[in-house]
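Me: I would like to learn how to read a model of this kind, feature by feature. Could we take the structure and go through it together?

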Amino acid sequence: MAVQLDGAKAATDRRVRRTGAPGAPPGRHGPRRWRGTPYLLLLPALLATVVFLGWPMVRNLLLSFQNLNMKELIQHLAEWRGIGNYQEILGSEQFWRVTGRTLVFTAVNVVLIMVLGTLIGLLLARLGKKMRLTLSLALVLAWAMPVIAATTVFQWLFDSRYGVVNWVLDRLGWHAMAHYDWVGTQLSTFFVITVLIVWQSLPFVALNLYAATTTIPQELYEAARMDGAGTWQVFARVTFPFLRPFFLATAFLEVIWVFGAFPQIFAINQGGPDRLTETLPIYAFTEGVGNLHFGMGAAISLLTIAVLLAVTAYYLRLTLKQEAQEEQEEAAL
Amino acid sequence: MKRSLAGRIWPNATALVLAAGFVFPVYWMFNTAFKPTRDIISEDPVWFPFHGTFAHFATAVHAPYFWTLARNSAVVTVLAVVLSLAIALCGAFALTRMRFRGRRGILLTFMVAQMAPWQVMVISVYLIVRDADMLNSLLPLTFFYMLMVLPFTLLTLRGYVAAVPRELEESAMVDGCTRRQAFLKVVFPLLAPGLMATSLFGFITAWNEFPLVLVLNKEPDAGTLPLWLSQFQSQFGDDWGATMAAASLFAVPILLLFLFLQRKAVGGLTSGAVKG
């Protein structure tokens, strides 16, 4: 998708252009330009967001203050219970345990994805043409696997009776694993889920990182080499600083995606065994839709959003600051 | 710079192992789908489907409503992606090329919208759709899928729009084009690869969406393929051959699209077309 690459490249292009040939300042193309154009262009997107996201959000907020179970749902009743749902959730040990688990789960996955993805991306840059194509193709295949299909395949790979994984482990001498039930314990279930998520997410990071490294001017590398920098130093002093925006943006997306991972966890073992692999989205779904406490589910979902916002606040603030800076720079021209 | 023999071998060896690791699950899905059942449940795995069979695919295709749901999936996915691309492109253009009051606020709105945890909002979405009397219809599904991919599409397209030099647009305008003509004739063609690359994400998301359709469209002929695949699995239980055949059928369109679009997208970027 080469997404972040373009962000980074566009940023440098813009910088170059601004210092090189400023051209006409934006927004002042002609004296007769109508000021409403940007709003008109944004209208469909904003309208759609308000109707299809804003409205459900508001509805969700209202629901979270209601006592809404199956009976109330069928009879279209609205029974208000104030902040009762929130009190109940925030007072329950379960919620805090799930929150802590979600944070650890997200952190472990994102770190694995970013570190391994970077390593594979750097490896891609180092390979010859044929080998690079081979690895890229393999990565694209894994990336393109639809989540539901991939989840099904992983269940089959880790099947206790006929699964390949157990067979290989048995052959390698670990005979206790011959008919191991992977979804029997919390840790092993999380292991399968993590392998699945990391396997699916690595290609995005690796391919984009590789694409991004191609935008780094070669002179920078040569200069670093002349200074006698080793592989690690080249990465720390050239690659990483140059691709900082890329790393931030990618980590941000991965946090959102891992945090919200639903089909993977749900399909592997429905958050089991004993609800021990439930993360916040699964918890909200199970409480709300599964146990038919819709009001409670809505309250949990709002708390989930709050947690996610807190986790990503740093990146959001950084991006806004950057945009503000760019606006100022352009205004100064 | 000359590298030692070991220094040349290990990257290639690592790459080969990695490639095998990434391909294996995909390969194993097709392999299992083509193997006769006795090879699937043999004590030692059968690594190559020498006794290939289409029996599992026949089971999968003849499962109830397969074709109806496949059509539903295709319609909903394509409509959602095309709509979100069109809407997002307008917005991305405004956010990248124009400066106006409230710009950053709008940007933040989309960034937050990108984080919306749809899977936990199914309850309120269900109530809204039920009150509009639209359960089991493809229309609400299309619109909600469109919005699921809209923020990402818009934010990503910004990068592509920004990469098209403003000078191109300006010189077109000097040559007598209106701003709209300049956009359609100069900017838009350069954006095509970016649009294709971005649409991939939309296709994948909409094609995969599960929790919402699970709650909204309960009629057997109103669902989409993810629903079919998950129900298929519970219906056929331990018939891994049929399940893998179903998963293959579900995965193939996206795999093909991906291989096709990915090349286009990367090709478009590297050919220098975007840089002008």
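Me: What are the helix and strand percentages of residues 240–261 of chain B, and how far apart do the end C-alpha atoms lie?

Reply: Helices (H or I, at least four residues) and strands (E, at least two) are DSSP runs, numbered from the N terminus. In this predicted model, residues 240–261 of chain B are 100% helix and 0% strand, with end C-alpha atoms 31 Å apart. This span is among those that an unreviewed UniProt entry lists as "transmembrane region", in positions given in the numbering used here, with feature names shortened and annotations that may be inferred rather than shown by experiment.

Me: Which conventions apply to numbering and confidence?

Reply: Residues are numbered from 1 along each chain as its sequence is written, while chains are lettered from A and ligands numbered from 1 in the order in which they are written. Since this is a predicted model, local features need pLDDT of at least 70 and side-chain atom pairs count only at pLDDT 80 or more, whereas totals for chains, interfaces and linings use all residues.

Me: Where in chain A is confidence lowest, and where is it highest?

Reply: pLDDT is the predictor's confidence in each residue, from 0 to 100, and where it is low, the predicted coordinates should not be read in detail. Chain A has a mean pLDDT of 82, with 90% of its residues at 70 or more; the lowest confidence is in helix 1 (residues 3–20) of chain A, at a mean of 41, and the highest in helix 5 (residues 93–126) of chain A, at 93. Over residues 1–31 of chain A pLDDT stays under 50.

Me: How should I read the length and the bend of helix 2 of chain A?

Reply: The expected span of a helix is 1.5 Å times one less than its number of residues. Helix 2 (residues 37–63) of chain A, with 27 residues, reaches 37 Å from its first C-alpha to its last, close to the expected 39 Å. The bend at a residue is the angle between axes fitted to the seven residues ending there and the seven starting there; helix 2 of chain A bends by about 45° at Leu43(A), and the proline Pro44(A) follows within four residues.

Me: Which elements do the buried residues of helix 2 of chain A pack against?

Reply: A residue is buried if 20 or more other C-beta atoms lie within 10 Å of its own, exposed if 12 or fewer, and partly exposed in between, with C-beta atoms placed from the backbone. The buried residues of helix 2 of chain A include Leu42(A), Phe52(A) and Leu63(A), and the buried residues of this helix pack against helix 15 (294–332) of chain A together with helix 4 (66–97), helix 5 (103–114), helix 6 (122–131) and helix 7 (138–163) of chain B.

Me: How many residues does each chain bring to the contact?

Reply: Two residues are in contact if their C-beta atoms, placed from the backbone, lie within 7 Å. Chain B brings 87 residues and chain A 82, and helix 12 (residues 240–270) of chain B gives the most to its chain's side, with 14 residues.
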